[in-house]
Amino acid sequence: MTALMLRRALALGAALAPIVAAAPATAQAVDYSALEAMIGEPVTTSVIGKPQRASEVAASVTIITADQIARSPARDLPGLLKGYAGVDVNRWTAGQSDVAVRGGVQTYNARLLVLVDGRQVYLDHYGLTDWNLLGVQLEEIQQIELVRGPAAALFGFNAASGVVNIITKRGGDSASARATAAAGDHGFSRLAGTAMLPLGGSVRARVSAGRLREDERRLPAGLLAPTPIVDVAADQVAGELSARWGTTEAVLGGGYASNEQIEYLPSQLLSNQHYRSSNVHAGLTHDTPWGGATLNGYVNWLDADYGEEGSDGVNRVSAPIENRLVAVKAAALYRLDTDDTLRVGGEYRNSRMRGPAQFARTIAYDVASLDAMLDLHPLDRVGVSAAARVDRLWLGQSGVIAQPVLDDPAAFDRAFTRLSFNAALVVRTSANGRLRLNGGRGYQLPSLVSFGFRLPLAVPTPVPIVITGSPRIRPVAVWSGELGYTHALGATRLEATAFYTRTNDAIASPGDGLEPHLDLFLTPAPVLAARFAAVGDYATYGTEWQASGRVAALDWRVNYTWTATDGDLAGTTLPIPYALAPRATTPRHKANAALGYDGGRWYASALARYTSATRQFAFSTLQQLRLYRVDDAVAFDARAGYRLSSAFELFVAGENLSLGDGAAGSPIPADRRVRGGLRVTL
Amino acid sequence: MSHVRELIGAAMVAGSVVAPLPLQAELNVPIAVRVVSFLQPPPSGVMPAAIVVAPGNAASLADAAAIERALGGGATAGKATLRTKRVPVTALDSLTGYRVAFVTAGTREDQGAIAAAAARSSVVTITSDDACVQAARCVVGIGSGARVQITVNRAAARAANARFGSAFLMLVKEI
């Protein structure tokens, strides 16, 4: 950290101290499991920061419960999310998935904020999510909350199109453990487990670990690919201590995870990556008669080896990146009245990226934020909420500058402020019906990579080309609005939503056919620069229709999503200068039908998915960025289990049993994957 | 806003007085037990729980029997284990020593006395009778519909020296 950054950090710390001391924090210690058991439906804090029934929130929220996770055919989080309305899950390779909310499908999607117990787990240097590096096992998840639509006023930058909030289980007063051992075709093997241990008094410990191995899918001829292609390997270990004194709870934890897999980069080059991440986190929550207060802090470290062993497609160059994120958050939730609440909070973040493939040795930013949310119920059947957040970012660089210099170093000495906001109105139209209208504006922060990355292309060209970020790039503004209606008919829940989302100044990585977009630098040795750039605006709009219910031992859900995309971006005719074309990459139609049965000893679940055809980017062996047709597909997933006792269960599960090539939404056709295993619950 | 609520609340109380007494449903015991776990500070160990009954009232006795059946030998509420014992409305002074009391159906005529005794002994009263809660004579009411509705009366809670976690209070209807 430079002296300047240190001074900023100290100043921000001093500024936040009164907030931490006087006004406490965000979510109080919420026992989601106990609250769900009491009111008979999941509880979420992801919409306005206070606990709410899932059926009463003023946003489109999907909550996947621990029971649904346990019976799902899915083998990971993207697999769980893919069966719900309003999300596109593209499994580009066996290990790499992207989750896009309401359109805008692209690799390394940086518009989705992913949290585990409030701690950011997406990788800050690009804003991407490596779902095999989250450091959390399916066995320890209490619920997964998917908020569709911007939630930046509550969560800050990068909750631009949605939020996935993963809530882990709290330990009880007795020791417990869950473990899964599974093996399948395509080299699949998974060992995962979690244990919760009371250590006396009100102190509890939780440990978890996982090991995953899986072969890569077969790449079709004609796609540019590195040699060799690595298979998926992911290993994780984590631990946490918690203690409770009266109405105060403290948590201290940490973890380590590593993941090796082949991925599509934002440029759409296939590249072998090796990530290693670790974190420490601590939190303090205090419950009071007037509400709750929280103080949280965490540090995430990442070592990423891009183009491992020179496997970055044709480039044959590697780009190691070190990223460290420090974040401190404080918030308070005040009950103004029996129904009305006010939430205020503050956050400070410092993210630093170091590596040889950058403008300078270190590219970093500091962000200070203040937010407030007001939730009012002027009438018994009417709820109004409004939230706003101000983020101020200071960008900087330090250390040795790469030659030749392509930007004025002073361009990195830059600061900007952005205001995000959300507003919502919920009207209970009848005993069983609710109408909601909400909207807002959020921002996707340009990543450290898009600010300061720099890597010379190894491809011989008459004038050397350097792929580079831009310190002048602006945050991406995302505007959204939605109108939704939910209706309960006994145990059946119906929901219809119309949405509109507009993305301004979408950022894309350089692709192919760059000639009109290259900057020539007449340094002693001429260099051409191809930059990350804001390539235009686009809008997505559509409807989501959902129904779910339960009949005796059967539970079911169906949903359909229609998504249309308008906007002029860089274009899709050859040569394609930038790898971003949401109209081509986002499916217009998606439909899912899920059925589950739980008869005690036996249970079974099945998911049928239809996805309409799309075109997805990839480089051909001719080193040309192209859009490849991905056919429409009907994929069928299923799982069946038999409980030998309350502790032991045997299961068999399969994904894409129908062998739909387009089921993965990737230029690499999907294959069928079947596995079986044993689950132990003690 | 609070005037609107007061008017609505007053109308509901008045309505309950004027209208014929509704048939009271049996207490949803599993939910009542879970409510107990949200008391602050969280209860622990063996926790005596009273079942307030009106001797000779068939509805009250049936409700009491249903509560006992549901609880069996004792139910777990967080770190606490509930052990129930019947307390007749004719001996409300014996509520002393209890932290929680389940007020059965058919005790409406005695709810004033029950509230007074509960306040003296700092007992949290839980009932299926919404009118008892609306009238600030019971602390917690649990609705009988398919959708779980829990009502907490602030005045009754204050009188009983009862405090709940804020997350709990944000999910229930507080009056």
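How many of the 682 residues in chain A are buried? Buried residues make up 54% of them. The model shown here is predicted. The legends below go from whole chains to close-up views.

Figure 1. Along the principal axes, the C-alpha atoms of chain A fill a box of roughly 70 × 60 × 50 Å. Taking contacts in chain A with a separation of 6 or more, 64% link residues 24 or more positions apart.

Figure 2. One bridge can be picked out by its residues: A:Arg343 has A:Met373 of β19(A) as its partner. Strands of a sheet pair through backbone hydrogen bonds, either parallel or antiparallel.

**Figure 3. Chain B holds 7 helices and 10 strands.** Chain B has 175 residues, and 48% of them count as buried. Look at its contacts between residues at least 6 apart in sequence: 63% join residues at least 24 apart.

**Figure 4. An open sheet of 8 strands in chain B shows mixed pairing.** The strand order is β3-β4-β2-β5-β6-β7-β8-β10. β3 (75-77) and β10 (173-174) of chain B stand at the edges. Each has a single partner strand, so one side of each is left without a neighbour in the sheet. Helix α3 of chain B, residues 58-71, packs on this sheet. The helix touches β2 (44-53), β3, β4 (79-88) and β5 of chain B. Its direction makes about 160 degrees with that of β2(B). Elsewhere in the sheet, β5(B) (residues 100-103) and β6(B) (residues 124-127) pair in the parallel sense over 4 bridges. B:Val100 stands opposite B:Val124 of β6(B).

**Figure 5. The largest nonpolar core has 187 residues.** Which residues touch the most other members? They are B:Val52, B:Ala101, B:Phe102, B:Ile126, B:Val139 and B:Val140. The element that gives the most to this core is β19(A), with 7 residues. Now focus on B:Phe102. Leaving aside residues up to four places away in sequence, B:Phe102 touches B:Leu27, B:Ala32, B:Ala49, B:Ile51, B:Val52, B:Ile67 and B:Ile126. Another core, of 7 residues, lies apart from the largest one. Among its members are A:Ala330, A:Ala331, A:Ala332 and A:Leu333. In soluble globular proteins, nonpolar side chains tend to be buried together.

**Figure 6. Chains A and B meet through 26 residues of chain A and 19 residues of chain B.** On the side of chain A, the elements that give two or more residues are α2 (32-39), β15 (270-288) and β16 (291-306). The largest share, 5 residues, comes from α2(A). By class, this side of chain A has 10 nonpolar, 10 polar and 6 charged residues.

Note on methods. Residues are numbered from 1 along each chain as its sequence is written. Chains are lettered from A and ligands numbered from 1 in the order in which they are written. This is a predicted model: local features need pLDDT of at least 70, side-chain atom pairs count only at pLDDT 80 or more; totals for chains, interfaces and linings use all residues. Two strands pair if DSSP finds at least two bridges between them. A residue is buried if 20 or more other C-beta atoms lie within 10 Å of its own, exposed if 12 or fewer, and partly exposed in between; C-beta atoms are placed from the backbone. Two residues are in contact if their C-beta atoms, placed from the backbone, lie within 7 Å. Ala, Val, Leu, Ile, Met, Phe, Trp, Tyr, Cys and Pro count as nonpolar, Asp, Glu, Lys and Arg as charged, and the others, Gly among them, as polar. A nonpolar core is a set of buried Ala, Val, Leu, Ile, Met, Phe, Trp, Tyr and Cys residues joined through C-beta atoms within 7 Å. Axes are lines fitted to C-alpha atoms, for helices over the stretch in contact, and angles run from 0 to 180 degrees between N-to-C directions.
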